[in-house]
Structure formats: structure tokens, C-alpha cells
Amino acid sequence: MLFFDRELPDGSSNWGLCHQDKKIIWIVRNSGDREQEIDTFFHELFHAVWHEYRRSNRETEEIAVTILAAGLSKALTNNPSLLQYLTQNQKIE
Ligand SMILES: [Zn+2]
């Protein structure tokens, strides 16, 4: 489940939160920084995936999800037609 809200339920100033046991991801919306929101979405999604596959090293997890989220969000923001290509089987322009 995915929620977009102006604040996170834990009251922190982070951009997102993944509650792994409840399978909920929160993302701060309308922050004015769209690339940051996309990066945060992937960051929290990768935390959920990491947890789903029962990986446990927290330090390695944080590094891995940060790198993967940054790379994927950059690829999507630099290539606006990529998401459309992936979801609708259209040609990349
Ligand atoms: Zn994290």
C-alpha cells in the first residue's frame, strides 16, 4: 500500500517511510522537488523489497537502496518516455 501525504506518520522530517511489517510506504508529496519524491519512492520501495527477501544487514541495506533509488530515479527523470515505454510498450523517443 502506498500513501502520499504532507507529513510522515512518525513526525520525522524524512522524505519517506517504509513500514515493512504492515507493508505500507509513505511519501511526502508536493514537496516542490519532484525528483526527490521519485527518488524517495524507489528508496522506500527497495527497503520493502530488501525486507521481503529477508536480508538483514541494515548498513548494507541503506547503501544499496540509496544507490539503486538514485540511479533509477535519475534514469526516469532524464528519460521521460522511459516509463511510458516500460508500461505501454511504446517506442522511446
Ligand atoms: Zn533508508
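Just after α1, Arg54 takes a positive phi of about 60°. The model is predicted: local features require pLDDT of at least 70, side-chain atom pairs count only at pLDDT 80 or more, and totals for chains, interfaces and linings use all residues. Residues are numbered from 1 along each chain as its sequence is written. Helices (DSSP runs of H or I, at least four residues) and strands (runs of E, at least two) are numbered from the N terminus.

**Chain**
- The chain has three helices and three strands, in the sequence pattern β-β-β-α-α-α.
- Its C-alpha trace spans about 40 × 30 × 20 Å along the principal axes.

**Helix α1**
- Residues 34-52 form α1, whose 19 residues reach 27 Å from first to last C-alpha, close to the 27 Å expected at 1.5 Å a residue, a span taken as 1.5 Å times one less than the number of residues.
- Its buried residues (20 or more other C-beta atoms within 10 Å of their own, C-beta atoms being placed from the backbone) are Asp39, Thr40, Phe42, His43, Glu44, His47 and Trp50.
- These buried residues pack against β2 (16-19), β3 (24-28) and α2 (58-78).

**Contact with α2**
- The axes of α1 and α2, lines fitted to C-alpha atoms over the stretch in contact, come within 8 Å and cross at roughly 135°, with angles running from 0 to 180 degrees between N-to-C directions.

Terms used:
Buried ≥ 20, exposed ≤ 12 C-beta atoms within 10 Å, placed from the backbone. Contact = placed C-beta atoms within 7 Å.
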